[in-house]
Amino acid sequence: DAEGKTATTAEAVKLAQLIKIEETKAEISTNAVDTAIKEAETTGSITIDLVEVAESETTTPDSGSDSTTPDSGSDTTTKPAPVISSAALPVASLQKVAEISEETTLTVNMTEVTITMDAKTLAAVAEQSAGETVTLKVEKIETKALTEEQQAVIEDKEVAVVVSATLISNNVAISDFNGGEVTIAIPFTLPDGTEGSDFQVYYV
């Protein structure tokens, strides 16, 4: 990213000490966001790469090593990286990032999607939050999981993937971003014989 900086492996290890990952959910502490802000090259783009954080925890040195980065001679235990589909974000940190600059964005990279929220969105979400954290949940779902109205919109279309994205605080969904923007980036491999122009993205 030309405007910001994604955590390197060393930085991911540092963040891993401040982020709790259980199964598919990551709990991001205020210290983790503060660290991401400090590591960013500019105030324009703050990135928390949960995928790299998770991967940094999949290989651990044996009990005889006290180093967070094992040397070539140490034994390591490798476990599969968890598939992260949700992240709990501290409301105070969202407000802090929003106040840096009107141009500031916060990007959260999860296993199958990357979410970027601008400053106006962050401020709106923080203002509407009923608790101390906001949970960002993004997952691929089946078409049948959509409401009848939503299914009617796409019933005559060949659907490649359906993604559900929600922001929830204290069991209440937040959908009013006060004119802010949220960008959702999903890795997608074009089937053979197709071009990017053959596909369209719909918000339903």
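## Basis

Residues are numbered from 1 along each chain as its sequence is written, and side-chain values use heavy atoms, with hydrogens and water left out. In this predicted model local features need pLDDT of at least 70 and side-chain atom pairs count only at pLDDT 80 or more, while totals for chains, interfaces and linings use all residues.

## Largest pocket

The largest pocket holds about 1500 Å³ of space. A pocket is an open set of points on a 1 Å grid over the protein atoms alone, where a 1.4 Å probe fits, with protein on both sides within 12 Å along at least five of seven lines; lining residues have an atom within 4 Å of a point. The volume is the space filled by probe spheres set on the points, which are joined across faces, edges and corners.

The lining of the largest pocket has 34 residues, and Val163, Val201, Tyr202, Tyr203 and Val204 lie nearest the centre. Two or more lining residues come from each of strand S9 (133–141), helix H6 (148–154), strand S10 (162–169) and strand S12 (182–185). S10 gives the largest share, six residues. Helices (H or I, at least four residues) and strands (E, at least two) are DSSP runs, numbered from the N terminus.

## Surface patch

Val161, Phe188, Leu190 and Phe199 make a nonpolar surface patch of about 320 Å². Patch residues have over 30% relative accessible area and no salt bridge; nonpolar side chains (Val, Leu, Ile, Met, Phe, Trp, Tyr) are joined within 5 Å, and like charges within 9 Å. Areas come from the Shrake-Rupley method with a 1.4 Å probe, and for residues only the protein chains shown count as cover.

Leu190 is found in the segment after S12. With a relative accessible area of 38%, Leu190 is partly exposed. Buried means under 20%, exposed over 50%, and partly exposed in between (1.4 Å probe, protein chains only).

## Salt bridges

The whole structure has four salt bridges (a side-chain nitrogen of Lys or Arg within 4 Å of a carboxyl oxygen of Asp or Glu). One of them joins Lys96 and Asp34 at 2.9 Å, N to O. This pair links distant parts of the chain, with Lys96 in helix H4 (residues 91–98) and Asp34 in helix H2 (residues 30–39), 62 residues apart.

Glu22 pairs with Lys20, the closest N and O atoms being 3.2 Å apart.

## A buried residue

Ala124 sits in helix H5 (residues 119–128) and is buried, at 4% relative accessible area.
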